[in-house]
Amino acid sequence: MNLKSAWSALWAPEVKASAAGPLIALQSPGRAVWSPRRFDAFAEEGFRRNVIAFRAVTQVARAVASVPWHIEGQDADGEASPMLALLARPNPQMAQSEFIEAVVSYLLIAGNSYVEAVEGAEAPRELWPLRPDRMKVIAGRSGLPQGFVYSLGGAERRWDADPLTGRSAILHLKTFHPLDDWYGLSPVEPAASAIDQRNEADTWNMALLQNGARPSGALVYDPKDGPSANLSEEQFARLKDEVAAQYSGARNAGRPMLLDGGLSWQEMSLSPKDIEFLDARHAAARDIALAFGVPPQLLGIPGDNTYANYQEARLAFWEETIIPLLCHLRDELNAWLAPQFGDEAQLAFDLDGIPALALRRERVWARLQAAQFLTLNEKRRAVGMPEIEGGDAASVLAGAPSSNSR
């Protein structure tokens with residue numbers, strides 16, 4: 001090493017890194033990490049076949065997609081932002097609402113959602129949502145992803161990531177998972193038991209109706225040769241196999257049986273009414289709604305009086321589910337997309353026009369109206385309105401923020 005190199009090394013900025021980061025990828029750095037869960041099973045059982053989960057995912061995704069976006073601090077008459085224009089038309093096949101609905105739906109079903117940025121001359125020119133089951137994360141030595149691999153039809157496409165910052169042309173949105181370093185936790189997973197119960201109950205109910213709504217029971221052997229006669233081992237084994245193959249399971253519920261050789265039918269099971277069949281279905285439906293953060297009232301599930309009225313349920317849905325999800329999406333897009341445009345513009349969402357939040361706005365305005373220690377401009381800033389001339393004077397302390405004074 002010459003003197004110049006030694007001097008440069010001495011004054012080079014020190015790069016800090018996580019002490020535990022390398023341990024995350026200690027087993028297989030540079031290799032694709034497979035997700036331990038099957039997205040296709042989640043999508044089939046927890047979305048396509050289950051009306052409650054389908055409605056919950058759709059309602060959350062469409063609510064998030066309905067919120068308008070703008071550039072933070074930019075006036076309505078300001079120059080159009082290229083980043084906002086890209087979000088308004090992410091790719092030739094999708095508009096903004098469809099794009100965001102797809103991104104959020106993937107996140108809710110798989111716990112992971114991926115967005116590809118197609119490079120342009122100076123900034124990304126297209127954004128595409130990618131299916132989570134086709135994407136694999138490549139483990140990096142520092143604990144950050146080394147890249148991503150997308151597989152489709154035997155072909156693979158790879159995107160590398162910066163080893164220091166993890167920045168890549170792929171945005172990986174994921175939920176928190178306490179036991180996985182690379183992939184998020186799908187809400188379908190904690191709700192899997194309730195989803196299976198609901199699916200099996202629907203299948204059982206349909207099969208029962210198709211087979212004449214006959215309840216199950218027991219086979220009683222009453223031979224004509226006298227009470228001492230018994231089935232041979234061969235006969236017993238054959239009868240047991242036939243019952244298991246042809247009359248067991250939800251799909252065979254209530255199927256009529258063909259009896260011979262002294263066999264008779266004796267009803268033993270309880271009817272669906274006796275075992276509160278409908279209540280069990282509604283309980284499973286409430287658990288599914290709980291996992292996705294949707295009040296049961298909004299899904300038409302009876303028997304839940306948690307909220308005083310429908311308006312309160314909608315408000316809770318937005319405050320506890322939609323707004324946190326919007327904040328997560330905003331922060332991830334600003335950290336990944338905004339730097340690629342080379343400016344300091346930041347995306348923000350606007351909740352002022354959401355009808356479900358009208359009750360929330362009225363409560364905020366009422367509190368500000370009662371706060372006599374605030375000036376008019378302080379009240380206007382609190383509700384996101386611009387300041388007005390003379391709004392800081394002591395003589396207007398009793399003024400109330402009004403939508404007509406924008």
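Tutor: What follows is a quick walk through this predicted model.

Student: What is the mean pLDDT of the chain?

Tutor: The mean is 77. Of the residues, 68% reach 70 or more.

Student: Where is confidence lowest, and where is it highest?

Tutor: The lowest is helix α1, residues 3–11, with a mean of 48. The highest is α6, at 96.

Student: Which stretches have a pLDDT below 50, then?

Tutor: Residues 9–13 are one such stretch, and beyond near neighbours in sequence they have zero contacts in the model. Residues 395–406 are also below 50, but that stretch has 29 contacts beyond near neighbours in sequence.

Student: How should low pLDDT be treated?

Tutor: Where pLDDT is low, the predicted coordinates should not be read in detail.

Student: OK, overall make-up. How many helices and strands are in the chain?

Tutor: Twelve helices and eleven strands.

Student: And how much of the chain is buried?

Tutor: Of its 406 residues, 38% count as buried. The accessible surface comes to about 24,200 Å². Carbon and sulfur atoms account for 53% of that surface.

Student: What about contact range? What share joins residues at least 24 apart?

Tutor: 62%, counted among contacts between residues at least 6 apart in sequence.

Student: Let's look at a helix. Which residues of α3 are buried?

Tutor: In α3, residues 39–48, the buried ones are F39, F42, A43 and G46.

Student: Where do they sit around the axis?

Tutor: Looking down the axis of α3, the buried residues fall within an arc of 110°, so they line one face of the helix. The general rule is that an α-helix has 3.6 residues a turn, so residues three or four places apart point the same way.

Student: Now strands. How many residues of β5 are buried?

Tutor: Five of its five residues. The strand covers residues 135–139 and is mostly covered.

Student: Which way do the side chains of β5 point?

Tutor: M135, V137 and A139 point one way, and K136 and I138 point the other way. All are buried, and that includes K136.

Student: What does β5 pair with?

Tutor: It pairs with β6, residues 145–152, running antiparallel, and five bridges join the two. K136 stands opposite V149. M135 has Y150 as its bridge partner in β6.

Student: How many residues lie between those strands?

Tutor: The hairpin of β5 and β6 has five residues between the strands. There, G143 takes a positive phi near 95°.

Student: Charges next. How many salt bridges does the structure hold?

Tutor: Eight. One of them joins E116 and R157, with the closest N and O atoms 4.0 Å apart.

Student: Which parts does that pair tie together?

Tutor: E116 lies in strand β3, residues 112–118, and R157 in β7, residues 155–160, so the pair ties together parts 41 residues apart in sequence.

Student: Are the two ends buried or exposed?

Tutor: E116 counts as buried, at 14% relative accessibility. R157 is partly exposed, at 45%.

Student: What does E101 form a salt bridge with?

Tutor: With R62, the closest N and O atoms being 3.3 Å apart. E101 is in helix α6, residues 96–110, and R62 is in helix α4, residues 51–65. They are 39 residues apart. E101 is partly exposed at 24%, and R62 is partly exposed at 49%.

Student: And which residue does D160 pair with?

Tutor: R158, with the closest N and O atoms 3.0 Å apart. D160 is exposed, at 55%. R158 is partly exposed, at 42%.

Conventions: Residues are numbered from 1 along each chain as its sequence is written. This is a predicted model: local features need pLDDT of at least 70, side-chain atom pairs count only at pLDDT 80 or more; totals for chains, interfaces and linings use all residues. Side-chain values use heavy atoms; hydrogens and water are left out. A salt bridge is a side-chain nitrogen of Lys or Arg within 4 Å of a carboxyl oxygen of Asp or Glu. Helices (H or I, at least four residues) and strands (E, at least two) are DSSP runs, numbered from the N terminus. Buried means under 20% relative accessible area, exposed over 50%, partly exposed in between (1.4 Å probe, protein chains only). Contact means heavy atoms within 4.5 Å. Accessible areas come from the Shrake-Rupley method with a 1.4 Å probe; for residues, only the protein chains shown count as cover. pLDDT is the predictor's confidence in each residue, from 0 to 100. The arc is that of the directions from the helix axis to the C-beta atoms. Two strands pair if DSSP finds at least two bridges between them.
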